[in-house]
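This report describes how one protein model is put together, from its overall fold to selected contacts between side chains. Please keep the sequence and the coordinates at hand while reading.

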Protein chains: 2
Amino acid sequence: MTDETRDPWITISAKRVYENPWIVVEHREVLTPTRTQGVYGIVHFRKYAVGVVPIDDEGYVHLVGQWRPPLNRYSWEIPEGGAEPGEDTIVTARREMAEETGLEAANVVEILRMDLSNSITDEIAFVYLATGLKPGKPTPDDTEELAHKRLPFGEALNQVLVGQITDSMSVAGLLRAYHMAKTGQVDPTLAKAMLAQSSV
Amino acid sequence: MTDETRDPWITISAKRVYENPWIVVEHREVLTPTRTQGVYGIVHFRKYAVGVVPIDDEGYVHLVGQWRPPLNRYSWEIPEGGAEPGEDTIVTARREMAEETGLEAANVVEILRMDLSNSITDEIAFVYLATGLKPGKPTPDDTEELAHKRLPFGEALNQVLVGQITDSMSVAGLLRAYHMAKTGQVDPTLAKAMLAQSSV
């Protein structure tokens, strides 16, 4: 039996090689679990990632579009942002959704937790579902240039399947929302609206 | 209308601040889309991430367990690994599954593409579904210490929902497999076996 509480890696030395307000990069000289020599670069994230799947009473999902410099391309996604230090992630979810789309929600529930890239980073994501939506005016922060659109849930899910929506929190969040609609975890009328619009 | 082909960021300067065989970290001085001054740290990944959801004829999914140093804890996940330069990701999927579980598969199909953490990294993940499984002997590489288990698909999916399986490729891959079973995208007998074992 494997002892799941025992760290099989040995760290010989560790140093901080880069940091900015979002990440800290650490370089380690290590012995691997099989005791070969190696190096390990770890990217620590200073903030939790938070995403929210906003689905309105007509079964439409709201997405925001923005340029993602690491990918060097535009990306349509669910509203997302980083939790400020000490901020409850459900507060982050409501704040980011309001800033990016203007929407306020009667109901916000956590639907997933994920480690986004656990071979290199410690980034943890919290994904929420927001329903009972009320429109409002977006107030993007002073670095953002965002677009906003709504589309039928089934069409958004189809964009996941064909690789047009590729952001991991959006992909997992939309698939989880489908699962919830199929298993009675959302209001039946809303589930019907979500599932009616396509062959999903 | 937003022009989705135009990069709204301006890079003033860029330098490589860290690299190892897996990642390159780049620091940029930038002007944001709203023309405020800022910095941007980007983590370039040298390899594609590849994951594979192996589901056997009895509707059981195969998972591997290992210690993840960035999280500083143990994690149960679908078989995963990095594509070697020039390697087709479907070849990576078969190779990693064989190394980590011994399994060979009659059928391997791509089911998802994801950008795992697109605010900071350019890491792209390819997720596959493997069916028609035949057992064999694992051959882990010389740095790995892995455990292997199989459990009913419904139980694995439930572990996603309660936050016991949190690896992003595993979370999205299992939810996508559920979607496929519900929409006639896997063999009906297999779909029945997958969905029979729990209330999913």
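Helices of at least four residues and strands of at least two are taken as DSSP runs, numbered from the N terminus. With that convention in place, K134(A) is found in strand 9 of chain A, which covers residues 124–134. The model discussed here is a predicted one, and each value below is computed from it.

Is K134(A) buried or exposed? With a relative accessible area of 53%, K134(A) counts as exposed, because the cut-off for that class is over 50%. When residues up to four places away in sequence are left out, K134(A) touches G102(A), L103(A) and E104(A). For E104(A), which lies 30 residues away from K134(A) along the chain, the separation of the two C-alpha atoms is 5.1 Å.

**Chain A as a whole**

Chain A contains 4 helices and 10 strands, and read from the N terminus its elements follow the order β-β-β-β-β-β-β-α-β-β-β-α-α-α. The C-alpha trace of chain A spans about 55 × 45 × 30 Å along its principal axes. Of the 200 residues in chain A, 56% are buried. Among the contacts in chain A with a separation of 6 or more, 56% are accounted for by residues 24 or more positions apart.

**Helix packing**

Two packed helices are described by the angle between their axes and the distance between the axes. In chain A, the axes of helix 2 (residues 153–161) and helix 3 (residues 168–182) cross at roughly 130 degrees and come within 10 Å. That angle makes helix 2 of chain A oblique to helix 3 of chain A, and the crossing of helix 2 of chain A and helix 3 of chain A is left-handed. On the side of helix 2 of chain A the contact is made by F153(A), A156(A), L157(A) and V160(A), and on the side of helix 3 of chain A by V171(A), L174(A), L175(A), A177(A) and Y178(A). By class, the residues of this contact between helix 2 of chain A and helix 3 of chain A divide into 9 nonpolar, no polar and no charged.

In chain B, helix 3 (residues 168–182) packs against helix 4 (residues 188–196) at an angle of about 125 degrees, and their axes are 9 Å apart. Helix 3 of chain B is therefore oblique to helix 4 of chain B, and the crossing of helix 3 of chain B and helix 4 of chain B is left-handed. From helix 3 of chain B, A177(B), Y178(B), A181(B) and K182(B) meet A191(B), M194(B) and L195(B) of helix 4 of chain B. The contact of helix 3 of chain B with helix 4 of chain B has 6 nonpolar, no polar and 1 charged residues.

**Salt bridges**

| R46(A) | E19(A) | 2.6 Å |

The salt bridge between E19(A) and R46(A) links distant parts of the chain, 27 residues apart, with E19(A) in strand 1 (residues 10–19) of chain A and R46(A) in the loop between strand 3 (37–45) and strand 4 (49–54) of chain A. E19(A) is partly exposed, with a relative accessible area of 40%, and R46(A) is partly exposed as well, at 43%.

R73(B) is partly exposed, with a relative accessible area of 32%, whereas D115(A) is buried, with a relative accessible area of 3%.

E87(B) is buried, with a relative accessible area of 18%, while R95(B) is partly exposed, with a relative accessible area of 23%. In chain A, salt bridges that share partners join E87(A), R95(A), E96(A) and E99(A) into one network.

How values were computed
Residues are numbered from 1 along each chain as its sequence is written. Chains are lettered from A and ligands numbered from 1 in the order in which they are written. This is a predicted model: local features need pLDDT of at least 70, side-chain atom pairs count only at pLDDT 80 or more; totals for chains, interfaces and linings use all residues. Side-chain values use heavy atoms; hydrogens and water are left out. Axes are lines fitted to C-alpha atoms, for helices over the stretch in contact, and angles run from 0 to 180 degrees between N-to-C directions. Angles under 35 degrees count as roughly parallel, over 145 as roughly antiparallel, 65 to 115 as roughly perpendicular and the rest as oblique. A crossing is left-handed if the near helix is turned anticlockwise from the far one by less than a right angle, and right-handed if clockwise. Contact means heavy atoms within 4.5 Å. Ala, Val, Leu, Ile, Met, Phe, Trp, Tyr, Cys and Pro count as nonpolar, Asp, Glu, Lys and Arg as charged, and the others, Gly among them, as polar. Buried means under 20% relative accessible area, exposed over 50%, partly exposed in between (1.4 Å probe, protein chains only). A salt bridge is a side-chain nitrogen of Lys or Arg within 4 Å of a carboxyl oxygen of Asp or Glu.
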